[in-house]
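The following note sets out points on the fold, the helix packing and selected residues of the model below. It is arranged as numbered points for reading beside the structure.

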Amino acid sequence: MRKVFLSFCLLALGLASQGACASEAADAVNPLEWRVFLLTNIERESRGVPPLQWDDILGSAARAHCEDMVRNDFFSHTGSDGSTLGERITRAGFVWSMVAENIAGGQRTPEEVVRSWMDSPGHRSNILNPALTHLGVGFSSNMWTQKFGTHR
């Protein structure tokens with residue numbers, strides 16, 4: 001039996017605000033990451049929640065966190081250097097008022113990982129939170145990360 005890991009985190013500083021850092025270029029994103037993005041928006045829209053915008057900075061930060069977890073053999077919202085979600089997002093250059101993170105490991109497909117997150121109350125809450133407006137997704141060696149954000 002294979003192991004499946006899930007975890008979520010949410011940080012907020014004040015109320016949601018505006019910002020536009022979205023990229024329309026799906027071809028610049030790993031197809032598995034883009035599929036998770038699309039499936040996440042299907043979940044939101046089917047429940048009347050506005051869709052998220054893709055954010056390249058959040059995508060890069062999500063991918064880097066996956067790679068860090070794979071390279072250093074751990075599963076956590078804390079980076080191998082002791083960094084928090086907020087620190088990593090800020091370091092990547094995303095100016096935020098609210099961020100959240102879902103991580104998972106062991107799922108083989110975008111459909112499987114999104115289904116796992118939707119079956120978990122904390123992850124589902126991040127996915128369906130209307131105050132979160134942007135998303136980046138990372139994937140590396142069956143590790144998955146969603147980084148949600150709202151610009152300050």
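1. The protein chain contains five helices and five strands, where helices (H or I, at least four residues) and strands (E, at least two) are DSSP runs numbered from the N terminus. Read from the N terminus, the order of the elements is β-α-β-α-α-β-α-α-β-β. The model is predicted, so local features need pLDDT of at least 70 and side-chain atom pairs count only at pLDDT 80 or more, while totals for chains, interfaces and linings use all residues. Residues are numbered from 1 along each chain as its sequence is written, and side-chain values use heavy atoms, with hydrogens and water left out.

2. Of the 152 residues in the protein chain, 49% count as buried; buried means under 20% relative accessible area, exposed over 50% and partly exposed in between, with a 1.4 Å probe and protein chains only. Among contacts in the protein chain with a separation of 6 or more, 75% are between residues 24 or more positions apart. Contact here means heavy atoms within 4.5 Å.

3. The largest nonpolar core has 22 residues, and those with the most contacts inside it are Val36, Phe37, Val113, Trp117, Trp144 and Phe148. At least two residues of this core come from each of helix H1 (31–45), strand S3 (96–105), helix H4 (110–118), strand S4 (134–140) and strand S5 (143–151). Another core, of seven residues, lies apart from it and includes Leu58, Phe94, Trp96 and Val99. A nonpolar core is a set of buried Ala, Val, Leu, Ile, Met, Phe, Trp, Tyr and Cys residues joined through side-chain atoms within 4.5 Å.

4. Helix H4 is largely enclosed by the rest of the structure, because seven of its nine residues are buried. Those buried residues are Pro110, Glu112, Val113, Val114, Ser116, Trp117 and Met118.

5. How do H1 and H4 pack, and at what angle? The angle is about 40°, and the axes lie 9 Å apart; axes are lines fitted to C-alpha atoms, for helices over the stretch in contact, and angles run from 0 to 180 degrees between N-to-C directions. H1 and H4 are therefore oblique to each other, given that angles under 35 degrees count as roughly parallel, over 145 as roughly antiparallel, 65 to 115 as roughly perpendicular and the rest as oblique. H1 passes H4 in a right-handed crossing, meaning that the near helix is turned clockwise from the far one by less than a right angle, anticlockwise being left-handed.

6. At this contact, Leu32, Arg35, Val36, Leu39, Thr40 and Glu43 of H1 meet Pro110, Glu111, Val113, Val114, Trp117 and Met118 of H4. The residues of the contact of H1 with H4 divide into eight nonpolar, one polar and three charged. In this count Ala, Val, Leu, Ile, Met, Phe, Trp, Tyr, Cys and Pro are nonpolar, Asp, Glu, Lys and Arg are charged, and the others, Gly among them, are polar.

7. Thr40 lies in helix H1 and counts as buried, at 0% relative accessibility. Not counting residues up to four places away in sequence, Thr40 touches Leu52, Val114, Ile127, Leu135, Gln146 and Phe148.

8. Helix H2 (residues 56–72) packs against helix H3 (residues 85–92) at an angle of about 125°, with axes 9 Å apart. That angle makes H2 oblique to H3. The crossing of H2 past H3 is right-handed. Ile57, Leu58, Ala61 and His65 in H2 meet Arg88, Ile89 and Ala92 in H3. The residues of this contact comprise five nonpolar, one polar and one charged.

9. Ala61 in helix H2 counts as buried, with 10% relative accessibility. Apart from neighbours within four places in sequence, Ala61 is in contact with Ile89, Ala92 and Lys147.

10. Thr145 lies in strand S5 and is buried, with a relative accessible area of 0%. The C-alpha atoms of Thr145 and His65 are 7.3 Å apart, although 80 residues separate the two along the chain. Leaving out residues up to four places away in sequence, the residues that Thr145 touches include Ala62, His65, Cys66, Met69, Glu101 and Trp117.

11. Most residues other than glycine have a negative phi. Asp73, in the loop between H2 and H3, has a positive phi of about 50° although it is not a glycine, and Asp73 is exposed at 71% relative accessible area. Asn142, in the loop between S4 and S5, has a positive phi of about 65° and is likewise not a glycine; at 31% relative accessibility, Asn142 counts as partly exposed.
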